[in-house]
Amino acid sequence: MAILKIKFDNIVCFNDFEANFTYPKKLVKSPLNDEYLLNYPNIRYKKVNILIGSNATGKTSLGIVIWKTLRFLIDKEAKPIKDLVTNKDKPAYILLDAAFGSGHFFRIEIKILTDGNVMVRYYAHNIKKSDTYESIVNSLDADLEFVDYLEGLKN
């Protein structure tokens with residue numbers, strides 16, 4: 001699995017945070033070979049990302065948020081994800097785009113509301129050889145509604 005993009009708001013130390021690990025064009029003279037999804041050369045992403053910073057700047061927190069988001073998708077248990085919210089009086093938001101070498105792309109958007117309800121919007125896409133990350137994102141249904149997480153994650 002390759003994480004292509006993450007976005008957080010009101011999640012631990014992250015407010016209006018976004019990291020996109022993709023790039024639209026093939027790099028010339030890249031020090032790393034094959035920076036694309038296996039079998040899908042148009043899905044380009046940075047295979048090596050180095051996090052540096054002083055103590056207490058969010059490096060570990062970033063890993064924890066990604067880990068808990070993925071566990072949320074597997075376990076369908078809301079408490080660990082609710083515990084990530086910094087200000088309980090403000091809604092929180094998580095977005096995670098990921099792709100698999102088997103040709104599957106997914107986007108999960110999670111809203112944690114002030115009343116504690118967790119809502120999700122889940123997109124899945126079968127990647128075609130001609131697809132790029134940008135074309136996949138542009139094809140996602142913007143009108144898809146957020147639903148309760150148990151309903152949204154049941155399949």
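**Exercise 1.** Of the 155 residues of the chain, what percentage count as buried?

*Solution.* Begin with the source: this is a predicted model, in which local features need pLDDT of at least 70 and side-chain atom pairs count only at pLDDT 80 or more, while totals for chains, interfaces and linings use all residues. Residues are numbered from 1 along each chain as its sequence is written, and side-chain values use heavy atoms, with hydrogens and water left out. Next, take the term: buried means under 20% relative accessible area, exposed over 50%, and partly exposed in between, with a 1.4 Å probe and protein chains only. By this cut-off, 37% of the 155 residues are buried.

**Exercise 2.** Describe the order of helices and strands, and then the overall form of the chain.

*Solution.* Helices (H or I, at least four residues) and strands (E, at least two) are DSSP runs, numbered from the N terminus. The chain has 4 helices and 8 strands, and their order along the sequence is β-β-β-β-α-α-β-β-β-α-β-α. The radius of gyration, taken over C-alpha atoms, is 16 Å, close to the 15 Å from the globule rule (2.2 Å times the number of residues to the power 0.38), so the chain is as compact as a globular protein of 155 residues.
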